[in-house]
Amino acid sequence: NGGTGPVKVVLNYKSTKTTVTVKAMCGQKDLNTSYTVEKEIGVKDSVYAPTVPGYTATASSKEVTPNGNDEVIFQYTKNTGNVVLIAKKGDTELFRKEDGTKQTGDSISAADFTAPDVTYYKCTSAAPTITVDGKAFTDGGKYTGNGQIEITYQYVRKTASITIVKKDAD
């Protein structure tokens, strides 16, 4: 070796791994079930949708080719929707109550529900309106899993005819 002593060799290593964050979202709502997984940079691989009780992922897995601190988002639909019955006089809400849930794929028909009793008011003969997630919904349509189901009935104030009879006090 020429007798000059030890030779210093410096080796520089660069990690080929990165962290991929997997998130679960329902529309714009974060379902708070994210997790991280270590993957090889530049190598195509799969990540899997986390299990979220009450929700179904629109895809069970996705392919990703990480390039450093990647994020993969899975979209979900809600499996059930709350049914709320609402009593209104014009635009004024008189009463509301929850009346069960519907599963994704269930049909929603106003005929399956009964208008709530409201003291001093009676339900009109007008057909109730159905909205899902605030949007008009066709009676008998299938629930997609997103949004609260509201069935609104119109009411009028109960009235009574009164006859006043004057009697002389003798």
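Glu93 forms a salt bridge with Arg96, with 2.7 Å between the closest N and O atoms. A salt bridge here is a side-chain nitrogen of Lys or Arg within 4 Å of a carboxyl oxygen of Asp or Glu. The model is predicted: local features need pLDDT of at least 70, side-chain atom pairs count only at pLDDT 80 or more, and totals for chains, interfaces and linings use all residues. Residues are numbered from 1 along each chain as its sequence is written, and side-chain values use heavy atoms, with hydrogens and water left out.

Stay with that first pair. Glu93 is partly exposed because its relative accessibility is 37%. Arg96 is partly exposed too, at 39%. The cut-offs are as follows: buried means under 20% relative accessible area, exposed over 50%, and partly exposed in between (1.4 Å probe, protein chains only). Glu150 joins Glu93 and Arg96 in a network of salt bridges.

The structure holds 7 salt bridges. In one of them, the side chains of Lys17 and Glu40 meet at 3.4 Å, N to O. Lys17 lies in strand S1 (residues 17–26) and Glu40 in strand S3, so this pair ties together parts that are 23 residues apart in sequence. Strands (E, at least two residues) and helices (H or I, at least four) are DSSP runs, numbered from the N terminus. Lys17 is partly exposed, at 40% relative accessibility. Glu40 is also partly exposed, with a relative accessible area of 28%.

Another salt bridge joins the side chains of Lys44 and Glu63 (3.6 Å, N to O). Lys44 sits in the loop between S3 and strand S4 (45–48), and Glu63 in strand S6 (residues 61–64), so the pair ties together parts that are 19 residues apart in sequence. Lys44 is exposed, with a relative accessible area of 56%. Glu63 is exposed as well, at 60%.

Now turn to two buried lysines. Lys39 belongs to strand S3 (residues 35–40). Lys39 counts as buried because its relative accessible area is 11%. What does its side chain reach? The side chain of Lys39 makes a polar contact with the side chain of Asp45, at 3.0 Å. It also reaches the backbone oxygen of Ser46, at 3.1 Å. A polar contact is a pair of N or O atoms within 3.5 Å; within protein, one must be able to donate a hydrogen and the other to accept it, and residues adjacent in sequence count only if both atoms are side-chain atoms. Not counting residues up to four places away in sequence, Lys39 touches Thr16, Lys17, Thr18, Val20, Asp45, Ser46, Val47 and Pro66. Contact means heavy atoms within 4.5 Å.

Lys102 is found in strand S9 (residues 92–103). Lys102 is buried yet has no salt bridge. The nearest side chain of opposite charge is Asp112, 4.3 Å away. For charge, Lys and Arg count as positive and Asp and Glu as negative; His and the chain ends are not counted. A polar atom of the Lys102 side chain lies 3.3 Å from the backbone oxygen of Ser107. Beyond four places in sequence, the contacts of Lys102 include Asn79, Asp112, Phe113, Tyr143 and Ile149.

The largest nonpolar core has 15 residues, and Ile149 and Ile151 have the most contacts inside it. The elements that give two or more residues to this core are strand S8 (80–89), strand S11 (129–132) and S13. S13 gives the most, with 4 residues. A nonpolar core is a set of buried Ala, Val, Leu, Ile, Met, Phe, Trp, Tyr and Cys residues joined through side-chain atoms within 4.5 Å. Apart from this core lies another, of 12 residues, among them Ala24, Tyr55, Val64 and Tyr76. Leaving aside neighbours within four places in sequence, Ile149 is in contact with residues including Val83, Lys102, Ile108, Ile130 and Val132.

Arg157 is also in strand S13 (residues 149–157). Arg157 is partly exposed, at 43% relative accessibility. Setting aside residues up to four places away in sequence, Arg157 touches Tyr120 and Tyr121. Arg157 and Gly27 are 130 residues apart in sequence and 41 Å apart in space, C-alpha to C-alpha.

Last, the cysteines. The structure holds 0 disulfides, a disulfide being a pair of cysteine sulfur atoms within 2.5 Å. Cys26 is buried, at 15% relative accessibility, whereas Cys123 is partly exposed, at 34%.
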